[in-house]
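Reader: I have this one open on my screen and would like to talk through how it is put together. Could you take me through it slowly?
Author: Gladly; let us look at it together.

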Amino acid sequence: LLYVGIGFAIFAALLLMNFISTSISYKKREIGILRALGARGSDVFGIFFNESTIIATINFALATIATFITCGILNNVIITKLGLDLVLLSVGVRQIVLILGVSMLAAFISSFLPVFKIARKKPIDAINNRLRKNLN
């Protein structure tokens, strides 16, 4: 189950990265204007990190609810169908903290990479939607 969970976490991070990248591509002009008005790269990062944090918080709540329901159903099936008097899966504080940690880590990684690219652009390049060329 650990490897399945890691696979789902990576998949969720990629989906969130795609969502944030799409959001950034639609807001390049606004980001350029913010940068021209004096916003730092960390300010731009904060905007999109807050967006991904909200998504991760919703994900955490839904994952926690689904974990409790799934563990309850599986334990009930083991007790009633198999006649075994044992609890195979339990959910405690450690599992909830782990779900929260994975959600926030995926949100940070997913938002850092796309925002890092746009935050490094010059404001005029972001406004005109030009690619930054390195002149060496």
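This is a predicted model: local features need pLDDT of at least 70, side-chain atom pairs count only at pLDDT 80 or more; totals for chains, interfaces and linings use all residues.

Reader: What about H1, what should it span?
Author: With 25 residues at 1.5 Å a residue, H1 should span 36 Å, and because its end C-alpha atoms are 36 Å apart, the two values agree.

Reader: Which residues are buried in H1, and what covers them?
Author: Ala-13, Leu-16, Ile-20, Ser-23 and Ile-24 are the buried ones in H1, and what covers them includes H2, H3 and H4.

Reader: Let's stay with H1 and H4, then. At what angle do their axes cross?
Author: The axes of H1 (residues 2–26) and H4 (residues 93–120) cross at roughly 35° and come within 8 Å, and the crossing is right-handed.

Reader: Which residues make that contact?
Author: From H1 the contact is made by Ala-9, Ala-13, Leu-16, Met-17, Ile-20, Ser-21 and Ile-24, while H4 brings a list that includes Val-102, Ala-106, Ile-109, Leu-113, Pro-114 and Ile-118. Taken by type, the residues of the contact of H1 with H4 divide into 14 nonpolar, 3 polar and no charged.

Reader: Changing topic, how many aromatic pairs are there?
Author: The count comes to 6 aromatic pairs. In one of them, the rings of Phe-45 and Phe-108 have their centres 6.0 Å apart and their planes at 80°, so this pair is edge-to-face. The pair links distant parts of the chain, since Phe-45 is in helix H3 and Phe-108 in helix H4, 63 residues apart.

Reader: Is Phe-108 buried, partly exposed or exposed, and why?
Author: Phe-108 counts as partly exposed because its relative accessibility is 38%, and that class lies between under 20% for buried and over 50% for exposed.

Reader: What does Phe-108 form with Phe-49?
Author: Phe-49 and Phe-108 form an edge-to-face aromatic pair, with 5.8 Å centre to centre and 80° between the planes. This pair, too, links distant parts of the chain, with Phe-49 in helix H3 and Phe-108 in helix H4, 59 residues apart. Phe-49 is partly exposed, with a relative accessible area of 24%.

Reader: And which residues form the aromatic cluster?
Author: Phe-45, Phe-49, Phe-108, Phe-112 and Phe-116 form one aromatic cluster.

Reader: One more topic. Where is the place of Lys-121, and is it buried or exposed?
Author: Lys-121 has its place in the loop between H4 and H5, and with a relative accessible area of 10% this lysine is buried. Its C-alpha atom is separated by 22 Å from that of Leu-16, which is 105 residues apart from Lys-121 along the chain.

Reader: And Asn-128, where does that one lie?
Author: Asn-128 lies in helix H5 (residues 123–128) and counts as partly exposed at 42% relative accessibility. Asn-128 and Lys-28 are 100 residues apart in sequence, and in space they are 8.7 Å apart, C-alpha to C-alpha.

Methods. Residues are numbered from 1 along each chain as its sequence is written. Side-chain values use heavy atoms; hydrogens and water are left out. Axes are lines fitted to C-alpha atoms, for helices over the stretch in contact, and angles run from 0 to 180 degrees between N-to-C directions. Helices (H or I, at least four residues) and strands (E, at least two) are DSSP runs, numbered from the N terminus. A crossing is left-handed if the near helix is turned anticlockwise from the far one by less than a right angle, and right-handed if clockwise. Contact means heavy atoms within 4.5 Å. Ala, Val, Leu, Ile, Met, Phe, Trp, Tyr, Cys and Pro count as nonpolar, Asp, Glu, Lys and Arg as charged, and the others, Gly among them, as polar. Rings of Phe, Tyr and Trp (its six-membered ring) pair if their centres lie within 6.5 Å; planes under 30 degrees apart count as stacked, over 60 as edge-to-face and the rest as tilted. Buried means under 20% relative accessible area, exposed over 50%, partly exposed in between (1.4 Å probe, protein chains only). The expected span of a helix is 1.5 Å times one less than its number of residues.
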